[in-house]
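Morning, everyone. I have one model to walk through today.

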Amino acid sequence: MMFSSPREMPSPSSIFSAYASMTASIMLLRSMAHELIPQPIRGYLFNTFRYLIKPRSPTLTLIIEESTGITRNQVYDAAESYLSTRVTPENERLKISKVPKEKKLTIRLEKGEKLTDTYNGFTLKWRFICAETEKNSANDIHNSNNSISVRSEKRYFELSFHKKYKEIVLDSYLPFILDKAKEMKDEERVLKMHTLNTAYCYSGVKWDSINLEHPSTFETLAMEPEMKNAIIEDLNMFVKRKDFYKKVGRAWKRGYLLYGPPGTGKSSLIAAMANYLKFDIFDLQLGNIVRDSDLRKLLLATANRSILVIEDIDCSVDLPERRHGEGRKQTDIQLTLSGLLNFIDGLWSSCGDERIIIFTTNHKERLDPALLRPGRMDMHIHMSYCSYEGFKILASNYLEISHDNNPLFGEIEGLIEDIQITPAQVAEELMKSEDADATLEGFVKLLKRKKMEGDVCENNNKRENQEKQCKKRKVSCKQKRGGGNSKSNVGVTQRRTRGIIKRGSSL
Ligand SMILES: Nc1ncnc2c1ncn2[C@@H]1O[C@H](COP(=O)(O)OP(=O)(O)OP(=O)(O)O)[C@@H](O)[C@H]1O
Ligand SMILES: [Mg+2]
């Protein structure tokens, strides 16, 4: 269609006639297409045309369905947990529930609820959708008269964000949500302590479990900070090295030997490790196991992500004699600790992941050297008497005081390093009263008293040692003592090394 001059405006009648002729052409084309192009191709062309002319949206929406068909969708479950922590005052309807074993209330979004989250400085919009669907039951397809329609709910999340963040969302934001949800699940997990039930002695022993409610954590544990950090680092390294263990062909396990006097926190450290890793504890009291077959059965019944504890192994190594004394056949007794370790190694290499084994003893020197040789246990941890660092942790836990707000700390620092006092004894002293000053004064008196006793004891030991040395060298001890400056020994005590960690080459 042409206009007489480019400056001339088209008249309404000419616009109308142009529109009419364009519509007529489209109608003609449509009817020709109907005649000439088959239906499926026509549909395809129509959709393509629509796609091409549709205005582009900058937003990408991901649909996260509850199930993948066969199994649950982990992203959905993770998003559900994660979003419960992102609830804002904008939300109007939330679902709240609690089941008996859970510690906390569970919060979930109600259908239709929306949430806005930010990640790396950009915004993401979440919407929870719950759509009701109606399906005919499969059995009734052939029998339309009796067809039963089954109502079901389809639940999913819609996650919308700007398209340019697609990579970040897929590679970083969603993995972050998966990790976060795992962390939350671990936190909520109720840990179990499994002990042997000996009531089944004749039909074999079995595990009984109770909730592990030991409150010990690395924060409450009185230990040298370097030693504590070394243990935490070792545990962190262990849990993240699944692929490494697989690559080098080793069982994914770690062994710790805790040794030291009673009351220095060996059992507390085990509980702290379990609470930190969220691992269950299996407390294997070897004294209650009679047959190898029972031991095998018990070990097979332990779960992954667990700590197998064998306490007081210096007592357990006498097992054969004890059993023999009880009238058991020698053939029943094939258990030595290093034999047990080999056995566990073999078992866990084939069926076990993320296993920790901990032996404790009060007398390391009494242990079978085979157990102590390098490579047997990965870490030897010496739990020793309370140091000043340990005291500070206990004082803060029990009395909520620190060296900044109490002048007696200086005096305690000077005294405690020279005295053999276990953290258990310190804890007991600090629990005596709620009055922090009075408690610390009493504690200082106790340390002074102990120091007096300790000095006498240590000086006596020194004299005995000197005499032994003198005898060896066939020199008269009296002569030497007479010539020496005996005063120099008075009041001098040696500082003990507290908390030694020896690392064996890994198992
Ligand atoms: N290092 C520590 N840090 C904090 N508390 C401790 C520590 N050591 C001991 N305690 C306190 O003393 C109590 C007894 O300690 P624990 O049972 O851990 O000692 P243990 O070394 O296992 O003793 P045993 O050799 O007799 O089994 C604990 O419940 C805890 O209250
Ligand atoms: Mg103990």
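**Confidence, ligand shell, helix pair**

Confidence comes at the start. This is a predicted model, and its protein chain has an average pLDDT of 78. Of the residues, 76% score at least 70. Where pLDDT is low, predicted coordinates should not be read in detail. For the complex, the predictor gives an ipTM of 0.99 and a pTM of 0.63.

On to the ligand. How many residues surround ligand 1? The count is 16, and the closest are Pro262, Gly265, Ser267, Pro423 and Ala424. Two elements, α7 (266-277) and α15, each give two or more residues to this shell. By class, the shell has 8 nonpolar, 7 polar and 1 charged residues. Where does ligand 1 lie relative to domain 2 and domain 3? Domain 2 covers 192-382 and domain 3 covers 388-489. Both give residues to the shell, so ligand 1 lies between them.

Stay with α15, residues 423-430. Its partner here is α13, residues 388-399. The two axes come within 10 Å and cross at roughly 35°. The crossing is right-handed. From α13, the contact uses Gly390, Phe391, Leu394, Ala395, Tyr398 and Leu399. From α15, it uses Pro423, Val426, Ala427 and Leu430. By class, that contact has 9 nonpolar residues, 1 polar and no charged ones.

Note on methods: Residues numbered from 1 in each chain as written. Chains lettered and ligands numbered in written order. Predicted model: local features only at pLDDT ≥ 70, side-chain atom pairs only at ≥ 80, totals over all residues. Axes fitted to C-alpha atoms, helices over the stretch in contact; angles between N-to-C directions. Helix = DSSP H or I, 4+ residues; strand = E, 2+ residues; numbered from the N terminus. Left-handed = near helix turned anticlockwise from the far one by under 90°. Contact = placed C-beta atoms within 7 Å. Nonpolar A, V, L, I, M, F, W, Y, C, P; charged D, E, K, R; others polar. Near = placed C-beta within 6 Å. Domains from an automatic or database assignment. pLDDT = per-residue confidence, 0-100.
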